[in-house]
Amino acid sequence: DIQVTGSASGGAGPFGDGQGSSSGEGTGFVIDRRGDIVTDAHVVDGASAIRVTFADEEVVEGGEVQRDGL
């Protein structure tokens, strides 16, 4: 489970219209031993904080967000 919080700045997007902060949620999967996680871009777009909860209830804070070139 991936939970994100972000700032809404008045434009349309995953966190809606208006100002303030909002939250969202999505899923993903671990792809390597470093702990890299793949999820859809809309899950993390505009995120200022990312929290990942694994099936065993372990919770970690997300780090760097990268996109592929597609």
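The exercises below concern a predicted model of one protein chain.

**Exercise 1.** State how many helices and strands the protein chain has, and give their order.

*Solution.* Start with the count: the chain holds one helix and six strands.

**Exercise 2.** Find the residues of the largest nonpolar core and the elements that supply them.

*Solution.* The core consists of six residues, namely Ile-2, Val-4, Val-43, Val-44, Ile-50 and Val-52. Now take one member, Val-43. Leaving aside residues up to four places away in sequence, Val-43 touches Ile-2, Val-4 and Gly-26.

**Exercise 3.** Decide whether Val-38 is buried, partly exposed or exposed, and describe its surroundings.

*Solution.* First, locate the residue: Val-38 lies in strand E4 (residues 37-38). Second, apply the cut-offs: buried means under 20% relative accessible area and exposed means over 50%. Val-38 has 34% relative accessibility, so it counts as partly exposed. Third, look at the surface, where Val-38 forms a nonpolar patch with Phe-29 and Ile-31. Together the three have about 280 Å² of accessible area.

**Exercise 4.** Describe the chain by its burial, surface and contacts.

*Solution.* Of the 70 residues, 14% are buried. The accessible surface amounts to about 5200 Å², and carbon and sulfur atoms own 47% of it. For contacts with a separation of 6 or more, 37% link residues 24 or more positions apart.

Definitions and conventions:
Residues numbered from 1 in each chain as written. Predicted model: local features only at pLDDT ≥ 70, side-chain atom pairs only at ≥ 80, totals over all residues. Heavy atoms only, no water. Patch = residues over 30% accessible without salt bridge, like charges linked within 9 Å, V, L, I, M, F, W, Y side chains within 5 Å. Areas by Shrake-Rupley, 256 points an atom, 1.4 Å probe, with all protein chains shown as cover. Salt bridge = Lys/Arg side-chain N within 4 Å of Asp/Glu carboxyl O. Helix = DSSP H or I, 4+ residues; strand = E, 2+ residues; numbered from the N terminus. Buried < 20%, exposed > 50% of the residue type's maximum accessible area, 1.4 Å probe, protein only. Contact = heavy atoms within 4.5 Å. Core = buried A, V, L, I, M, F, W, Y, C linked by side-chain atoms within 4.5 Å.
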